[in-house]
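Here's a quick briefing to read with the model open in your viewer.

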Amino acid sequence: MIQATPMRKAFRRPWPSTRRGFKLWLLAIIVGMKGVGYLRGATSTSTELALQLLTERLHVPLQACGVLILAICGFAMFCSYCHHGRDRYGYMALTGFCFSWSSCFMVAPLFLDGPGYALQGALSYLLIGLFLLFSAADPEPVQRAGVAR
Amino acid sequence: MNGALLTLVGVIIVAASGLAGTVAASVISKRATDRVQNTEDKKVDLSVLQASIVDLTGRLGRVENDLEHERSQRKLSNAYARTLAQVLREHQMEVPAPPPELDLP
């Protein structure tokens, strides 16, 4: 069941009107700020060491990762304005990114010669992903036609 | 293991975890959506049930009115039969037995 949301209703406020969407919106902003940091090159050497699977092994610049993160977070933020049924695409995108990014941090100390503090980054993104999963399980009441919230 | 193999393992782990997260979020969201949909269906069922109850209540009211009307008719018939029997007794005539359907209190 995909509930269609009129554009006027979905974007009547700067923030999403549903509780599920608001959680997704906030987490997309938080993760998107990290993407902005990567895009501006404001990352320390320790972060590059922690993400050495991307930077040293696959030779992916962190600026490109920042662009990818911003794209995912922008998609999740757009989906957060849609009501229940459509916002799950945003949850899917952001949860998948958080889990894979957590693995990127986790792989460095476990399989490569990365520093142990990379596990902190892995844990933080893992927790964000788990929070997204728990939020995705929250039911949002279906809005009836003509009933204002 | 050499570096390339470790890198491949890392990439596989990253891709698998991302896919797992995406699938888990999809399944969990779908379940939540279905739960809401089931609740809405039950609400619709309840409204149908409520309409049926209202309809049945109306029918019961009509049946009760009919019964009351029939009971009053029987009372009238009983009163008529008692009066007729009394008149017949006063005139020392034979009183016929009342029909069983009129034998009401």
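What follows is a short tour of the fold, the core, the interface and some individual residues.

This is a predicted model, so a few ground rules apply: local features need pLDDT of at least 70, side-chain atom pairs count only at pLDDT 80 or more, and totals for chains, interfaces and linings use all residues. Residues are numbered from 1 along each chain as its sequence is written, chains are lettered from A and ligands numbered from 1 in the order in which they are written, and side-chain values use heavy atoms, with hydrogens and water left out.

**Chain A overall**

- Chain A has seven helices and zero strands, where helices (H or I, at least four residues) and strands (E, at least two) are DSSP runs numbered from the N terminus.
- Buried residues make up 49% of the 149 residues in chain A; buried means under 20% relative accessible area, exposed over 50%, and partly exposed in between (1.4 Å probe, protein chains only).
- Take the contacts (heavy atoms within 4.5 Å) in chain A between residues at least 6 apart in sequence: 76% of them join residues at least 24 apart.

**The largest nonpolar core**

- A nonpolar core here is a set of buried Ala, Val, Leu, Ile, Met, Phe, Trp, Tyr and Cys residues joined through side-chain atoms within 4.5 Å.
- The largest one holds 32 residues, and those touching the most other members are Tyr38(A), Leu94(A), Phe97(A), Trp101(A), Phe105(A) and Leu132(A).
- Two or more residues of this core come from each of α2 (19–40), α4 (52–57), α5 (62–81), α6 (87–111) and α7 (118–136) of chain A, and also from α1 (3–90) of chain B.
- The largest share, eight residues, belongs to α6(A).

**Where chain A meets chain B**

- The two chains bury about 2200 Å² between them, with 70% of that on carbon and sulfur atoms; buried area is the accessible area (1.4 Å probe) that two parts lose on being put together, summed over both.
- Chain A puts 26 residues into the contact and chain B puts in 25.
- There are three residue pairs in polar contact between the chains, both residues at pLDDT 80 or more. A polar contact is a pair of N or O atoms within 3.5 Å; within protein, one must be able to donate a hydrogen and the other to accept it, and residues adjacent in sequence count only if both atoms are side-chain atoms.
- On the side of chain A that touches chain B, α4, α6 and α7 of chain A each give two or more residues, and α6(A) has the largest share with eleven.
- That side of chain A splits into 15 nonpolar, five polar and six charged residues. Ala, Val, Leu, Ile, Met, Phe, Trp, Tyr, Cys and Pro count as nonpolar, Asp, Glu, Lys and Arg as charged, and the others, Gly among them, as polar.

**Salt bridges**

- The whole structure has five salt bridges over all chains, each being a side-chain nitrogen of Lys or Arg within 4 Å of a carboxyl oxygen of Asp or Glu.
- Arg20(A) pairs with Asp87(A), their closest N and O atoms being 3.1 Å apart. This links helix α2 to helix α6 of chain A, across 67 residues, and both Arg20(A) and Asp87(A) are buried.
- Asp138(A) and Lys23(A) form another salt bridge at 2.5 Å, N to O. Asp138(A) sits in the segment after α7 and Lys23(A) in helix α2 of chain A, 115 residues apart.
- Asp138(A) is partly exposed at 27% relative accessible area, and Lys23(A) is partly exposed at 23%.
- In chain B, Asp34(B) and Lys30(B) form a salt bridge with closest N and O atoms 3.4 Å apart. They are four residues apart in helix α1 of chain B, so about one helical turn separates them.

- Ser80(A), in helix α5 of chain A, is buried with a relative accessible area of 0%. Not counting residues up to four places away in sequence, Ser80(A) touches Pro16(A), Thr18(A), Gly21(A), Leu24(A), Trp25(A) and Asp87(A).
- Thr43(A) lies in the loop between α2 and α3 (45–50) of chain A. Setting aside neighbours within four places in sequence, Thr43(A) contacts Gly37(A), Tyr38(A), Glu48(A) and Leu62(A).
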